Amino acid sequence: MRAGLSIGDFSQITHLSVKTLRHYHEAGLLEPAQVDPGTGYRYYSTTQVPTAQVIRRFRDLGMPVREVVALLAAQPEDRSALLTAHLQRLEDQLGETRAAVVSLRRLLNPAEAPIEVELRAASAFTVAAVQATVDIEEVLGWYDAAMTELDQTLRAHRLVPTGPCGGLYENALFTDGRGHAVVYVPVADPPRVGAVEPFVVPAAELAVTVHRGPHDDLDVTYGRLGRHVAEHALAVAGPVRETYLVGPRDTADAMAWRTEIGWPVFRTTAG
């Protein structure tokens with residue numbers, strides 16, 4: 001005996017395609033009220049319409065099927081945390097989209113002021129550092145963990161930084177997607193605890209510029225500095241270094257951030 005709505009009727013009512021309904025059935029997200037054992041035809045109850053509409057809204061918001069399954073199965077007190085986590089991801093994605101738009105406008109603006117570059121002879125200095133070989137996709141997470149360990153270690157040893165924190169990034173990190181990275185905090189007597197160890201940032205000739213604002217379009221400043229290096233007959237001679245003059249650890253105002261980029265160079269021609 002047939003019970004309820006055919007899959008076609010249910011599709012028309014809920015605006016979920018027949019293909020989508022079949023996929024949701026296979027994924028355990030929205031199972032039919034009845035499946036005919038002889039024909040395999042799916043039939044739905046009218047009471048499932050609100051559930052289907054809720055699922056459609058979550059999918060419109062980009063929530064993965066497995067998370068919608070977990071959300072519908074969760075106790076009411078647990079649903080808030082799942083929703084909050086997904087909404088936070090949406091906000092992060094929106095922020096990334098806005099940052100990409102700002103970067104594109106900056107790239108397409110022909111009236112942008114010339115980049116200011118200083119050639120500097122940087123002396124060697126001692127730091128407390130964490131270093132590792134990392135994939136480019138993992139470098140931000142690794143950086144956060146490394147800086148947290150550095151901060152905790154220096155506080156435990158009552159060491160006061162003698163300058164802004166920074167990082168050294170091997171060329172292969174950008175060209176091959178995996179390379180050596182060092183993040184550091186300058187201190188007079190660096191300890192050796194856990195992943196933290198003493199390190200000497202070597203002396204170098206640098207082409208230096210300052211990136212102003214959020215880090216989302218840091219690559220644009222990298223590109224402009226790289227062009228300057230190439231156009232002025234300067235050759236790369238080592239890992240690039242970043243110095244975080246003002247950053248997230250100093251202020252939540254991203255427009256106040258200042259990141260110094262130092263590109264190791266040497267002149268290939270006289271002048």
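1. Arg120 is partly exposed, because its relative accessibility is 26% and that class lies between buried (under 20% relative accessible area) and exposed (over 50%), with a 1.4 Å probe and protein chains only. Its side chain meets that of Glu118 in a salt bridge of 3.0 Å, N to O; a salt bridge here is a side-chain nitrogen of Lys or Arg within 4 Å of a carboxyl oxygen of Asp or Glu. Glu118 is also partly exposed, at 39% relative accessibility.

2. The model is predicted: local features need pLDDT of at least 70, side-chain atom pairs count only at pLDDT 80 or more, and totals for chains, interfaces and linings use all residues. Residues are numbered from 1 along each chain as its sequence is written, and side-chain values use heavy atoms, with hydrogens and water left out.

3. By the salt-bridge rule the count comes to six. One of them joins Arg227 and Glu231, at 3.8 Å from N to O. The two residues lie four apart in helix H8 (residues 218–231), so about one helical turn separates Arg227 from Glu231. Helices (H or I, at least four residues) and strands (E, at least two) are DSSP runs, numbered from the N terminus. Arg227 counts as exposed at 56% relative accessibility, and Glu231 counts as exposed at 57%. Elsewhere, salt bridges that share partners join Glu118, Arg120 and Glu260 into one network.

4. Another salt bridge pairs Arg192 with Glu197, whose closest N and O atoms are 3.6 Å apart. Arg192 is exposed, with a relative accessible area of 62%, whereas Glu197 is partly exposed at 22%.

5. Leu245 sits in strand E11 (residues 240–246) and is partly exposed, with a relative accessible area of 37%. Leaving aside residues up to four places away in sequence, Leu245 touches Pro164, Asp250, Arg258 and Glu260; contact means heavy atoms within 4.5 Å. Glu260 is also a member of the salt-bridge network with Glu118 and Arg120. From Val139, Leu245 is 106 residues away in sequence and 20 Å away in space, C-alpha to C-alpha.

6. The axes of helix H1 (residues 7–14) and helix H2 (residues 18–26) come within 9 Å and cross at roughly 105 degrees. H1 is therefore roughly perpendicular to H2. Axes are lines fitted to C-alpha atoms, for helices over the stretch in contact, and angles run from 0 to 180 degrees between N-to-C directions. Angles under 35 degrees count as roughly parallel, over 145 as roughly antiparallel, 65 to 115 as roughly perpendicular and the rest as oblique. On the H1 side the contact is made by Ile7, Gly8, Phe10 and Ser11, and on the H2 side by Val18, Leu21 and Arg22.

7. His15, in the loop between H1 and H2, has a positive phi near 65 degrees although the residue is not glycine. His15 counts as exposed, at 59% relative accessibility. Arg158 likewise has a positive phi, near 55 degrees, in a residue other than glycine. Arg158 lies in the loop between helix H6 (139–156) and strand E6 (166–169) and is exposed, with a relative accessible area of 77%.

8. Leu61, Leu83 and Leu87 form a nonpolar surface patch with about 230 Å² of accessible area together. Patches are made of residues with over 30% relative accessible area and no salt bridge; like charges are joined within 9 Å, and nonpolar side chains (Val, Leu, Ile, Met, Phe, Trp, Tyr) within 5 Å. Accessible areas come from the Shrake-Rupley method with a 1.4 Å probe, and for residues only the protein chains shown count as cover. Leu87 belongs to helix H5 (residues 76–107) and is partly exposed, with a relative accessible area of 43%.
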